[in-house]
Structure formats: structure tokens, C-alpha cells
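Below are some reading notes on the fold, arranged as numbered points.

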Amino acid sequence: MIRTYLELEVRPGAADGLTAFFERQNILSTSVAQQGCRSAQLTISSDGEAAVVTAEWDDAEAYERWVSRSDRETDAEELSGFLKRPVGADTIGRVFSVVLDGAS
């Protein structure tokens, strides 16, 4: 099992718009509906200046299928409007192996 973390620097005052974008595009529910994705979350820092998208995947191949989608370029373009630094279709999160799990 792996967990991915995508850290985003949010433009001042854009946190609500970023959240609305994720909801409108159904990004989290679409990822969870994909085979191999166990969970996905969008978190926003209390000051609204940072966002972290995390997800838990069965394996690296499941995450690779997610980041290989053809619609990523369009989403990245709109997503960049909420961020201090633009992202592209090739932007991916850091991948971590889950080595211990307190729930197990």
C-alpha cells in the first residue's frame, strides 16, 4: 500500500475556490471510484495558504493509472488559477510506502 501527498501553495484568498473546484470536478470521488484507490482527501491549512491532497492506493500502478488520465491537462490549467505556482499534467505527488498501520 502507498500514500501520496501533493502539496500546493494557495494564492491568498483562493482556498474556498480551490475547494469548490475539487467539488465541482468530483476529483476526490473520481479517484476513489478508480480501482486501486482506497481513500482521498483535500486538506487546507488554517491560514488558507497551503493545501495537501492525500490518497491511499493499493500500489504504485494504481496511482500511475490515476496520473496518466487524459483529462489532467485541462484540470491542471484550471487548478493553477488557485495556486501561487502553476501545475501541469505531469505534476504528481510524493509517493510513500505505508510500512506500519495502527489500524491493523
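1. Overall dimensions. The radius of gyration of the chain is 14 Å, which agrees with the value near 13 Å that would apply to a compact globule of 104 residues. Along the principal axes, the C-alpha trace spans about 40 × 30 × 20 Å. It should be kept in mind throughout that this is a predicted model.

2. Burial and surface. Of the 104 residues in the chain, 38% count as buried, and the accessible surface comes to about 6,400 Å², with 50% of that area belonging to carbon and sulfur atoms. As for contacts with a sequence separation of 6 or more, 66% of them are made by residues 24 or more positions apart.

3. Order of elements. The secondary structure consists of four helices and four strands, and these follow one another from the N terminus as β-α-α-β-β-α-α-β.

4. The sheet. In what order do the four strands stand in the open sheet? The order is β2-β3-β1-β4, with antiparallel pairing. The edges are formed by β2 (37-44) and β4 (94-97), each of which pairs on one side only. From one strand to the next, the twist averages 20 degrees.

5. Pairing of β1 with β4. Strand β1, which covers residues 2-9, pairs with β4 in the antiparallel sense over four bridges. Within this part of the sheet, I2 stands opposite S97 of β4. Helix α1 (residues 15-24), for its part, packs on the sheet and touches β2 and β3 (50-57), its direction making about 160 degrees with that of β2.

6. Because R3 lies in strand β1 and E56 in strand β3, the pair ties together parts that are 53 residues apart in sequence.

7. A salt bridge between helices. The side chains of R24 and E78 also meet in a salt bridge, at 2.4 Å from N to O. This pair links distant parts of the chain, with R24 in helix α1 and E78 in helix α4 (residues 72-80), 54 residues apart. R24 is partly exposed, its relative accessible area being 46%, and E78 also counts as partly exposed, at 34% relative accessibility.

8. D75 is buried, with a relative accessible area of 13%, whereas R69 counts as partly exposed at 21%, so the two partners fall on either side of the 20% cut-off for burial.

Terms used. Residues are numbered from 1 along each chain as its sequence is written. This is a predicted model: local features need pLDDT of at least 70, side-chain atom pairs count only at pLDDT 80 or more; totals for chains, interfaces and linings use all residues. Side-chain values use heavy atoms; hydrogens and water are left out. Two strands pair if DSSP finds at least two bridges between them. Helices (H or I, at least four residues) and strands (E, at least two) are DSSP runs, numbered from the N terminus. Axes are lines fitted to C-alpha atoms, for helices over the stretch in contact, and angles run from 0 to 180 degrees between N-to-C directions. Contact means heavy atoms within 4.5 Å. The radius of gyration is taken over C-alpha atoms; the globule rule is 2.2 Å times the number of residues to the power 0.38. Buried means under 20% relative accessible area, exposed over 50%, partly exposed in between (1.4 Å probe, protein chains only). Accessible areas come from the Shrake-Rupley method with a 1.4 Å probe; for residues, only the protein chains shown count as cover. A salt bridge is a side-chain nitrogen of Lys or Arg within 4 Å of a carboxyl oxygen of Asp or Glu.
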